[in-house]
Amino acid sequence: MKKLAHSISFIFIFTGIWLIFNESMAFSQILAGLFFSTVSILFTNRYLLENDYLTAYSIKPEVLFYYITYLFLQIYRSGISAIFKIIKGQDAVKIIEYETCMRNDLAICLLANAITLTPGTVTIGKNGRLLQILAFQDENTFTDITEGKTCSPYEMILRSLDA
C-alpha cells in the first residue's frame, strides 16, 4: 500500500513536470502526462532499477532544497566569472581528473550534473568515483580540492546520501 502511494505521488509530480514542459493545461495534455508518467514509473521499476524507485532515488527535502539553492548561487557566480575570463582571453581549458569522496552513485551523478551546469566546467567522463572535468585553465576550484584531498562544498551537501 505504501509503495502504491509513493508511485501515485511520483506520477502526479511527473505529470506536473510534463504540463510545465508542454506549457499547457489542456485536458489532453493532463491525460498524456498521466499516461507517460505511469508508463515511465512502471517501466523504470520493472526493467531499469535493481531496487524500488523510491529507495534508489530518495533525497531528504531539506538536503534537496539546500543543494538546489547552493547550485543556483554557484551557477550565477561561475557564469559571471566565466564571462570575465572569456573577455580577458583566459579561456584556455584543461582536463582535470577528480576523485570524489562520495560512494553513492546518485550523489556522484548529482555532483557530475552540478559541475556540468556550472559555466566553465563540463563533466566529460565518470568511472566509479573518478570524474573527468573539462575546466578553464586557471580554474582553482578543483585543483585546490584535489591537492588538499578534501570534499567540495557540493559533496559536503550530498554526503547525506552516502548513508
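**A threonine and its surroundings**

Reader: In which strand does T121 lie?

Author: The model is a predicted one. The strand that holds T121 spans residues 121-127. The element asked for is strand 2.

Reader: Is T121 buried or exposed?

Author: The relative accessibility of T121 is 5%. A residue is classed as buried when this value is under 20%. T121 is therefore buried.

Reader: Which backbone oxygens does the side chain of T121 reach?

Author: Polar contacts are pairs of N or O atoms within 3.5 Å. At 2.5 Å, the side chain of T121 meets the backbone oxygen of I115.

Reader: How far apart in space are T121 and I95?

Author: In sequence, 26 residues separate T121 and I95. Taken from C-alpha to C-alpha, their distance in space is 9.6 Å.

Reader: What share of the contacts in the protein with a separation of 6 or more comes from residues 24 or more positions apart?

Author: A contact requires heavy atoms within 4.5 Å. Among contacts with a separation of 6 or more, the share from residues 24 or more positions apart is 65%.

Reader: In what order do the elements of the protein run?

Author: The protein has 7 helices and 3 strands. Read from the N terminus, their order is α-α-α-α-β-α-β-β-α-α.

Reader: What percentage of the residues of the protein count as buried?

Author: The protein has 163 residues, and it exposes about 10,800 Å².

Definitions and conventions:
Residues numbered from 1 in each chain as written. Predicted model: local features only at pLDDT ≥ 70, side-chain atom pairs only at ≥ 80, totals over all residues. Heavy atoms only, no water. Helix = DSSP H or I, 4+ residues; strand = E, 2+ residues; numbered from the N terminus. Buried < 20%, exposed > 50% of the residue type's maximum accessible area, 1.4 Å probe, protein only. Areas by Shrake-Rupley, 256 points an atom, 1.4 Å probe, with all protein chains shown as cover. Polar contact = N/O pair within 3.5 Å; in protein donor to acceptor, adjacent residues only side chain to side chain.
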